[in-house]
Amino acid sequence: MFAMFKTLHSVDTEYSADSVEWCAQDDQHAEYFACGTYQLVQLEQGEEEDDETTKKRPRKGRVYLYHFETGSGALERLQNIETAAILDMKWLPAWSSDSGPLLATANALGEVEIYELLADEKQLQKRTCLALTAAAATAAAEAPLALALDWQRDGDAVQLVVSDSKGNISHLRYTAQGELSVVGTWNAHGFEAWTCTFDRWTPQRVYSGGDDCLLLAHDLRTEQRVWTNRAHQAGVTCLLSHPQHEHHLLTGSYDEQLRLFDTRAMKRTLAEVNLGGGIWRLKPHPKRLDVILAACMYTNFSVVQLDLKDSALTLLGTYEEHSSICYGADWHPSLSEDDGLTHMATCSFYDHKMCVSSVHLGCVKSE
């Protein structure tokens with residue numbers, strides 16, 4: 001079992017790149033992906049850098065929309081949207097056959113913005129924006145950064161959870177009528193809540209990870225903590241509730257360990273592997289859900305195979321094209337069953353680089 005990589009495109013994003021999300025909601029839009037960026041505004045002449053000026057410096061960003069043709073390998077930048085700095089993004093499903101997929105972004109002003117992809121125009125159009133707190137709404141200095149988001153369907157609406165730099169978790173609801181509202185917010189972590197995700201099998205459960213080294217489970221109905229896990233030796237930075245295997249949760253941390261848990265028995269891990277560099281993002285391949293792409297911040301991008309039969313996590317290959325902090329990664333939703341050919345997009349921070357690569361997944365086992 002192995003993964004082989006070939007860089008097809010290397011793009012300068014100008015601003016520091018930290019997130020990339022492929023539109024995997026349907027086959028019609030599978031050629032589109034978005035890249036989010038984050039840039040601290042330069043200090044005025046004579047200003048000195050310290051903790052206080054860093055907090056007050058505006059953070060600007062851009063959302064880039066790209067189209068990638070798998071047949072020819074052609075890449076086209078379609079749009080550049082000026083925004084506040086982007087920390088995370090997720091594609092949401094279209095409301096109907098007459099509308100396009102939705103892109104939700106979490107930004108440095110403590111806001112969630114939602115855009116619709118208009119395929120005919122090949123453009124993103126902003127639909128709504130919501131400040132998570134009153135401080136964010138008034139642009140107060142203490143407004144938290146929205147750090148991560150996740151979503152799930154809820155009948156004729158979409159639920160979202162968002163974590164922020166003050167350790168809060170916010171529960172949002174977005175309706176087909178375009179109404180985005182806060183259902184509830186609670187403080188979960190003593191420091192930054194780096195990540196949050198829904199349990200794919202239990203709709204009322206949410207997981208969060210923070211810089212306090214805690215992995216927490218919450219009940220959305222009561223906003224109460226269900227359990228606390230202290231297995232991580234540094235901040236918990238990414239979570240993956242596995243979409244194919246019930247009760248299985250993967251976690252990434254600054255401590256460089258990729259961990260697999262059974263959420264019914266959290267006292268010990270089922271498997272661990274050290275990927276190096278701290279793990280910021282975990283993405284299962286849409287067609288091979290046990291093949292996981294990991295953004296390992298200070299090392300590289302790694303592809304890992306999950307094998308539940310043997311309770312194992314196996315490193316298949318590493319992509320080392322980037323020379324700065326590896327934050328953003330995602331798979332193209334297609335995969336050739338004949339030769340294991342697929343594609344991925346990756347991005348890194350200080351070198352403001354975004355790459356599109358082909359990946360051959362050789363002899364990868366399917367569960």
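**Aromatic pairs and a buried aspartate**

In this predicted model, Trp194 has a relative accessibility of 15% and therefore counts as buried. The residue is placed in the loop between β13 (180–187) and β14. Because Tyr254 belongs to the loop between β19 (248–253) and β20 (257–262), the pair ties together parts that are 60 residues apart in sequence. Trp194 and Tyr254 also belong to a cluster linked by ring pairs, together with Tyr38, Trp280, Tyr327, Phe349 and Tyr350.

The count of aromatic pairs comes to 14. Among them is the pair of Tyr64 and Tyr66, with centres 6.1 Å apart and planes at 50°, so that this pair is tilted. Both Tyr64 and Tyr66 are buried. Tyr64 additionally has Arg77 over its face, at 4.1 Å from the ring centre. In another contact of this kind, the charged end of Arg62 sits over the ring of Tyr15, 4.0 Å from its centre.

Asp199 is located in the loop between β14 (195–198) and β15 (205–209). Asp199 is buried but has no salt bridge; Arg205, the nearest side chain of opposite charge, is 5.3 Å away. The side chain of Asp199 instead reaches the backbone nitrogen of Thr202 at 3.0 Å. Apart from neighbours within four places in sequence, Asp199 is in contact with Gln152, Arg205, Tyr207 and Ser241.

Notes
Residues are numbered from 1 along each chain as its sequence is written. This is a predicted model: local features need pLDDT of at least 70, side-chain atom pairs count only at pLDDT 80 or more; totals for chains, interfaces and linings use all residues. Side-chain values use heavy atoms; hydrogens and water are left out. Helices (H or I, at least four residues) and strands (E, at least two) are DSSP runs, numbered from the N terminus. Buried means under 20% relative accessible area, exposed over 50%, partly exposed in between (1.4 Å probe, protein chains only). Lys and Arg count as positive and Asp and Glu as negative; His and the chain ends are not counted. A salt bridge is a side-chain nitrogen of Lys or Arg within 4 Å of a carboxyl oxygen of Asp or Glu. A polar contact is a pair of N or O atoms within 3.5 Å; within protein, one must be able to donate a hydrogen and the other to accept it, and residues adjacent in sequence count only if both atoms are side-chain atoms. Contact means heavy atoms within 4.5 Å. Rings of Phe, Tyr and Trp (its six-membered ring) pair if their centres lie within 6.5 Å; planes under 30 degrees apart count as stacked, over 60 as edge-to-face and the rest as tilted. A charge sits over a ring if NZ of Lys or CZ of Arg is within 6 Å of the ring centre and within 35 degrees of the ring normal.
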